[in-house]
Amino acid sequence: MLRVLRSSPLAWAVGLPFAYAAWCTTATVTAATAGAQPLTDSTALLLSRLIQANSSNPPGHTQQIADILGPLFRARGFQVDIVPTPDSAKVHFFARLKGNGSKKPLLLAAHADVVGVEREKWSVDPFAGVIKDGAVYGRGAIDFKGGIAVFARAALLLADRKVPLDRDVIFLAEADEEGAPMNTSWLARQHWDKMDAEFALNEGGWIIKREDGRVQYVSISTSDKRVMNVVLTAKGTSTHASMPLPDNALVTIGRALAKLGSYETPLEFTPDSRRFFETLAATSDAASGKLFTELLHGTAAQVSAADRAISRDALLHSLMRNTIAPVIVAGGFRSNVIPGSAEATLNVRLIPGSDPEAFVQSLRTLFNDPLLTVTMASAPAAATAASADTSLLYRALAAEAKAQWPEAQVTPYLFQAGTDAAAWRSRGIPVFGIYPYPISNDELRRMHGNDERVSVESLRQGTEMLYRTLVRVAGSTAGRSR
Ligand SMILES: [Zn+2]
């Protein structure tokens, strides 16, 4: 059920026709009646509908997202193409608006699946698409159904306003980004022709707003960290629990994990992550700004102190170094048997440029335990170069972000996790990432968490900004000069 509350500033924020706006502000709209109304008149209402289509992965049903988007794009002359996968729940949705073909396409990639919820920890139904207090609540509001809504609305506006295009604009709502294997890597192997482009936009950087609502910075991701899993295996003597021995496999695993608990990987910056921290130095309050400056330019003691202080923020900590997270421990099967082996899985996120083999070797050196073997269980994807900020798409996005939020600084960004960008970056195609709406740090923490939400006004601003970016990148020169 979608509730549009009386107090919501929704109607004025999204510029609905007056009659519909008046009806919205006085009505409780059920999902059933919502389907008959022109809900797509606004990004917020489209997002609300998308949230109601529960695409939690697993199982990650994305056909229902295609069912919502299909009619919108077809009605405006887009070529719609729904690509099934061997998993019947998961489809990829393409909508292509044809340009004159003089330039290669621009692609917008937004994943249609979301992660699951701890429902009891939410203050609202996470799959009701609730709009209240000026915000849309629900799983995926930020990651990444809000992105689907902004990307889709901006692309649909190109058709509504009959903008002449030099290149095709391809909108893709893809399956299985939060899982695998039916993700964009699968799609690229099967249907590269549908997704080939000069450059692409996806999720990634942030538009962070201060407590007073002004935007502090806009970060546009140009590369992602790489993921690998490392398994620790301890072997010991399997015997009766009444006669313990010093080589207990569980103790060996515990010793290794305890070492990790007091270990910190060294600082490592990429050129783009260094620019990101320079931006924080320039846009933060005096005390924080001093810390960021010392982190980048201080003496060894200042760098170390700044690192410790800044690392209290888990996101910033993860941007400065390779990270190691123990995620699974396995061993033992009954209380009177000492198991002969035990295992722990470490999820490792590597800064671009780090050598995975060398990293595993550094862990062996750290543990220095003959009872323990350290192996790479899943290798990271091949290294890719960062997408260059000289690209037309980066420059256009940066310029329009600056036009939308003049008070903000714009910076390239290293994304702390993995995204669907690898499918393009590994083929040499630049991908730039942004969650295209201003959010606060508190809202950022709700991503993949509880009461995930994004403000209606942020969605409106993001749609404006992105629409102008598309016009700048894909609009024909002739069309622009009129
Ligand atoms: Zn995401």
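Q: How do you know that β5 and β8 pair, and in which sense do they run, parallel or antiparallel?
A: This is a predicted model, and in it β5 and strand β8 (residues 169-174) are joined by 6 bridges in the parallel sense. Two strands count as paired once there are at least two bridges between them, so β5 and β8 qualify with their 6. Within this pairing, Leu108 faces Phe171 of β8.

Q: Why is β5 called mostly covered?
A: A residue is buried when 20 or more other C-beta atoms lie within 10 Å of its own. In β5, 6 of its 6 residues are buried. Leu106, Leu108 and Ala110 point one way, while Leu107, Ala109 and His111 point the other way, and all are buried.

Q: Why is Ala44 called buried?
A: Ala44 has 32 other C-beta atoms within 10 Å, and the cut-off for a buried residue is 20 or more, so Ala44 is buried. Ala44 belongs to helix α4 (residues 43-52). Between Ala44 and Tyr137 there are 10 Å in space, C-alpha to C-alpha, although they are 93 residues apart in sequence.

Q: How do you know that β7 and β19 pair, and which residue stands opposite Tyr137?
A: Strand β7 (residues 135-137) and β19 run antiparallel and are joined by 3 bridges. With at least two needed for a pair, the two strands count as paired. Opposite Tyr137 stands Arg453 in β19.

Q: What makes β6 and β19 the edges of their sheet?
A: The open sheet has 3 strands in the order β6-β7-β19, paired antiparallel. β6 (131-132) and β19 (453-455) each have a single partner strand, so one side of each has no neighbour in the sheet. Helix α17 lies across β6, β7 and β19, at about 65 degrees to β19.

Q: How does the span of α14 compare with the expected value?
A: Helix α14 (residues 392-404) has 13 residues and reaches 18 Å from its first C-alpha to its last, close to the expected 18 Å.

Q: Why can the buried residues of α14 be said to line one face of the helix?
A: The buried residues in α14 are Leu393, Tyr394, Ala396, Leu397, Glu400 and Ala401. Seen down the axis, they fall within an arc of 165 degrees, so they line one face of the helix. They pack against several elements, including β5 (106-111), β9 (199-209) and α17 (456-474).

Q: What makes β13 and β16 edge strands?
A: Their sheet is open, with 4 strands in the order β13-β15-β11-β16 and antiparallel pairing. β13 (323-331) and β16 (372-378) each have a single partner strand, so one side of each is left without a neighbour in the sheet. On average, neighbouring strands here are turned by 25 degrees against each other, direction ignored.

Q: How do you know that β11 and β15 pair?
A: Strand β11 (residues 226-235) and strand β15 (residues 341-350) run antiparallel, joined by 10 bridges. The cut-off is at least two bridges, so they count as paired. Val230 has Leu346 in β15 as its bridge partner. Helix α13 (residues 356-367) packs on this sheet, touching β11, β15 and β16, and its direction makes about 155 degrees with that of β16.

Q: What makes up the contact between domain 1 and domain 2?
A: The domain assignment gives domain 1 as 2-222 + 385-481 and domain 2 as 226-378. Their C-alpha centres lie 34 Å apart. The contact takes 12 residues from domain 1 and 14 residues from domain 2. On the domain 1 side, β10 and β17 each supply at least two residues, and the largest share, 5 residues, comes from β17.

Terms used:
Residues numbered from 1 in each chain as written. Predicted model: local features only at pLDDT ≥ 70, side-chain atom pairs only at ≥ 80, totals over all residues. Expected span 1.5 Å × (residues − 1). Buried ≥ 20, exposed ≤ 12 C-beta atoms within 10 Å, placed from the backbone. Arc of directions from axis to C-beta. Contact = placed C-beta atoms within 7 Å. Axes fitted to C-alpha atoms, helices over the stretch in contact; angles between N-to-C directions. Domains from an automatic or database assignment.
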